[in-house]
Amino acid sequence: MESSFDYPPTVDLLDYLVPGVLGQKGNLLKAVRLWAILRSLYSEKPMLLSTDAEGSFSNAQWRDAFLQPDNQQKTLKQWLFQHQPAIDETHWRQAFVNRYGIERDRLSVLLGDSPADEEPIPFQVDHRTLRNDFATLEKLGWLKASGTGSQRRYYKVSVLPTLPWIAAIAAESADEPALIHFIPNDLANVVEHFPQPINGIQRFILDTEYIISQAVSRQVEQLLQTLKEGWQQTPVPPVRLVYRSIRYYEAEFSILTYPVCIYYFQRAPYLFAFGQTPQHLDDGKPEHLSWYDYRLDRILSLQLLSWNDPSLPAEWQFKTSQGKSWAQSLAQSVASAPGLPKRFAEKTPEFVQQEVALAMGVEIHRPIAPLLLRFERYFYGNYIANTERAKLFTEMGFAQAEKRFRADPEISRQGLSLTKLFGDRPRHKSSVFCSAQHRLGDNNVVMRLRAWGPNVEVLLPLSLRQRMTDDMQETWRLYESDLNE
């Protein structure tokens, strides 16, 4: 636990202090002011500040103590780079450009590099701006406050908020398995061999697609911190979250649910939770509970509740209909999760992993249904067989595939067969037929099949085959139009 604030103004720290992109006008100046205020209050040699008997101080008292001419006239670059031995200006500028993807010329404008430009000065601001800065620090947990308007008083906190990288360093120093612990397959072996540069060169590079915008990084970070606080409690509390759903055309839902784990899948991290869902709320069935995966950047707010919160649905107060109290009900919780109602205690990260492993797709609230696929043999041998993917598929011969195909009720009603489907192009001779399970309606399944392109053909279910057909025809119409122009 840190008791002082002596950090240099790194890009990471400034980004943490101000929500939004530092490249936007005013944000960088505000971040530097917040950093300077924290240094004045919490460094190992804090500024001498007149306070009352309770240790509180006003915004005006802080201004009088801090805004001496030297500080008030100091330019942005002087705050960032002067007397900062831990900051290499070249590296700082490169880190800024890399983080926000802006041009160096744009950064030069922000810093006032050109002799023709006036160098920006962070503390040449009015009293209202400084009050807003203090309000920001209050929201971040670095200050407490009481009173309103001119009577507003601030108090230093006794326990400083934990910075994200401090927690990471603590985990590393405790020799925790860190990242390796979370990688579900043998990729962990590769990471384990090359966690650090060798002779100063990083020989292992892990590049995963991550679509969460930097613009909402602060929002996501606060969400993660709240979830972490909840998961550190016993029992883990339910939450109320507000979710903006893409599936329901940006509609917002206020949802009560029990958070279980965060699962990164292909493009973004998702919160897996068991409780109310957008679908059931949209259907007017708030009492229906199920799993749902919430993309983190689509969660607008998240609040921890208690299990006896009166806003929880009556159905959650299990056994109360039999005259038992909430405390008595909790006593029936399972041993692996003491103090947690049984119906929620059984919802664990291990359960999520087991469900995901059962079928193609990741949306475990969806039902599982069989698939019948045909792979191009060369592709199957090189990209499916003898890989982790092969666990999802069961190979079969053409005769067995034909039998499975004809057993489908709709196929049987139409009198179809694979032989008729292939016609005079009997592609089964160069194919591998496989059965598998998939999550019905899970778009992740469709995206995977699209990625395999002509190397795979969906034979069953017919609904998925039709979906693939429609998508490809729609795509083809786009390109066909271009060719005819």
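**Briefing: hairpins, a surface patch and a buried loop residue**

In this predicted model, strands β3 and β4 form a hairpin in which five residues lie between the two strands, and Tyr249 in the turn has a positive phi of about 55°. A second hairpin is formed by β4 and β5, with two residues between them. The chain as a whole holds 22 helices and eleven strands.

**Strand pairing around β4**

- Strand β3 covers residues 239–245 and strand β4 covers residues 251–265; the two run antiparallel and are joined by seven bridges.
- Val239 has Thr257 of β4 as its bridge partner.
- On the β5 side, β4 is joined by eight bridges to residues 268–275, again in an antiparallel arrangement.
- Within this pairing, Ala273 of β5 stands opposite Pro259.
- The turn of the β4–β5 hairpin contains Gln266, whose phi is positive at about 65°.

**The loop residue Glu363**

- Glu363 belongs to the loop that connects helix α16 (349–358) with strand β8 (368–376).
- Because its relative accessibility is 6%, and buried means under 20%, Glu363 counts as buried.
- When neighbours within four places in sequence are set aside, the contacts of Glu363 are Arg247, Asp293, Arg439, Gly441, Asp442, Asn443 and Asn444.

**The nonpolar patch and Phe194**

- Leu187, Val190, Phe194, Ile198 and Leu206 make a nonpolar surface patch of about 370 Å².
- Phe194, one of the residues in this patch, is located in the loop between α11 (187–193) and α12 (217–231).
- Phe194 has a relative accessibility of 33% and therefore counts as partly exposed, a class that lies between the limits of 20% for buried and 50% for exposed.

**Chain-level figures**

- The chain has 485 residues, of which 41% are buried.
- Of the contacts between residues at least 6 apart in sequence, 63% join residues at least 24 apart.

Methods:
Residues numbered from 1 in each chain as written. Predicted model: local features only at pLDDT ≥ 70, side-chain atom pairs only at ≥ 80, totals over all residues. Heavy atoms only, no water. Patch = residues over 30% accessible without salt bridge, like charges linked within 9 Å, V, L, I, M, F, W, Y side chains within 5 Å. Areas by Shrake-Rupley, 256 points an atom, 1.4 Å probe, with all protein chains shown as cover. Salt bridge = Lys/Arg side-chain N within 4 Å of Asp/Glu carboxyl O. Helix = DSSP H or I, 4+ residues; strand = E, 2+ residues; numbered from the N terminus. Buried < 20%, exposed > 50% of the residue type's maximum accessible area, 1.4 Å probe, protein only. Contact = heavy atoms within 4.5 Å. Pairing = 2+ DSSP bridges.
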